Amino acid sequence: MVRFNKDSTIWISKMIDPGIYRYNSGLQFMDSISTRGPVVNIQIERKEVIACNIGYLNPNDSKLGSISKISFNPKSRKVISSVLLLQNLARPVQVTEADLNQDDNPDWLVCEFGNLRGSLTWFEIKGNTPIPHVLRGLPGAIKAYIQDYNHDGLPDIWALFAQGDECIILYTNKGNGRFEEKKILSFPAVYGSTYFEMDDFNGDGIPDILYSCGDNADYSPVLKPYHGVYIFLNQGNNQFIQKYFFPMHGCFKAMARDFDGDGDLDIAAISFFADYKHHPEEGFIYLKNQGNLNFEPFILPETTGGRWLTMDVGDFYRSGRPDIILGNYHVGIPATGDSNYKINSSPFILLRNMMK
């Protein structure tokens, strides 16, 4: 995990020596919090952090994951307490706090990616006993957003699933904790879905979908021409049509921001299963929006030395321009069998936005 914080600090987590590590605005190590397993997602508030601990990172069906609330002193930022909120989870990868049933109490939406078993579940908090409500009892829940898409005052859920039945599902909140499920997009199982965002690319005021696929660690670890970055435009009434594709072997994340300040959305994308033997520069690609969904690709030689598993975007230098942080996972070899790729021992690199 890599994450920008609003106070110009960087938070990362590691698989080896698991914990949360913090760096200051000068990129100097500040302090760390030890955890029982790798933290893959956090929600940062002023005095506390909700941490999603996957338990054991590699594929398994053991329920070793957990959700914890870590409290800080707001001045010294030292840890005051760490409270276990949920445990016995199947490789959770995301937790989001929201009042889903409108009872004025916070609930937790958890993506349990799992392996052969998993689920998308929201936990209702009543007293000290969280009550699970399974929205979809299948593995692969990897990313979810909570937003009131139909403006009825109730929080709805968009969720991406990988692992077999790969798809994006919209859960419309019908009130009192009830949700109506509608499959928005479906993808072949070999796509290896990795991430999606809700972004408005054509300026019509309704959200489009930016989607990436490229998980190549399953049963066919060969370079795939359909891995990459996709844009699906919303035709209204949540009907989406593919309007853009950029091929990128092993793409693991794509994030849309106005990086160059010209008023439209550009894209930053990373690959974890790039063609390291022939095109190591494919690990990070910047797609500059030239208008009408025409994107010009750029590469950075400095990014060829790592295997980028995670990425975050934020105004780290408070310049009004979004910066980028890339998280390096340099354990093992690519699924393609090529072990002759460079390894950058740095846990992360920071890409400072110098565009005018």
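1. Before anything else, a cut-off: buried here means under 20% relative accessible area, exposed means over 50%, and partly exposed is what falls in between. Arg 257 comes out at 27% relative accessibility, so it counts as partly exposed. Keep in mind that this is a predicted model.

2. Arg 257 has a partner worth a look: its side chain meets that of Glu 197 in a salt bridge, 3.4 Å from N to O. Glu 197 sits in strand E17 (residues 193–199) and Arg 257 in strand E21 (residues 251–257), so the pair ties together parts that are 60 residues apart in sequence. Glu 197 has 4% relative accessibility and therefore counts as buried.

3. On to the other salt bridges; the whole structure has 9 of them. Asp 312 pairs with Arg 3, with the closest N and O atoms 3.9 Å apart. That one links distant parts of the chain, 309 residues apart: Asp 312 is in strand E25 (residues 308–314) and Arg 3 in strand E1 (residues 2–4). Asp 312 counts as buried, at 11% relative accessibility.

4. Lys 126 forms a salt bridge with Glu 124, with 3.6 Å between the closest N and O atoms; Glu 124 is buried at a relative accessible area of 10%. Arg 136, Asp 165 and Lys 183 are linked in a network of salt bridges.

5. Now strand E15 (residues 166–175). Of its 10 residues, 9 are buried, so the strand is largely enclosed by the rest of the structure. On one side of the pairing list is strand E14 (residues 156–161), antiparallel to E15 over 5 bridges, with Ile 157 opposite Tyr 171 in E15. The E14–E15 hairpin has 4 residues between the strands, and Gln 163 takes a positive phi near 65° there.

6. E15 also runs antiparallel to strand E16 (residues 178–187), joined by 9 bridges. Glu 166 has Phe 187 in E16 as its bridge partner. This hairpin has 2 residues between its strands, and Asn 176 in the turn shows a positive phi of about 60°.

7. Residues it touches include Asn 41, Cys 52 and Cys 111.

8. Last, the surface. Met 15, Ile 16 and Val 331 form a nonpolar patch with about 240 Å² of accessible area together. Val 331 lies in the loop between strands E26 (323–328) and E27 (348–351), and is partly exposed at 36%.

Key. Residues numbered from 1 in each chain as written. Predicted model: local features only at pLDDT ≥ 70, side-chain atom pairs only at ≥ 80, totals over all residues. Heavy atoms only, no water. Buried < 20%, exposed > 50% of the residue type's maximum accessible area, 1.4 Å probe, protein only. Pairing = 2+ DSSP bridges. Contact = heavy atoms within 4.5 Å. Patch = residues over 30% accessible without salt bridge, like charges linked within 9 Å, V, L, I, M, F, W, Y side chains within 5 Å. Areas by Shrake-Rupley, 256 points an atom, 1.4 Å probe, with all protein chains shown as cover. Salt bridge = Lys/Arg side-chain N within 4 Å of Asp/Glu carboxyl O. Lists of a residue's contacts leave out its neighbours within four places in sequence.
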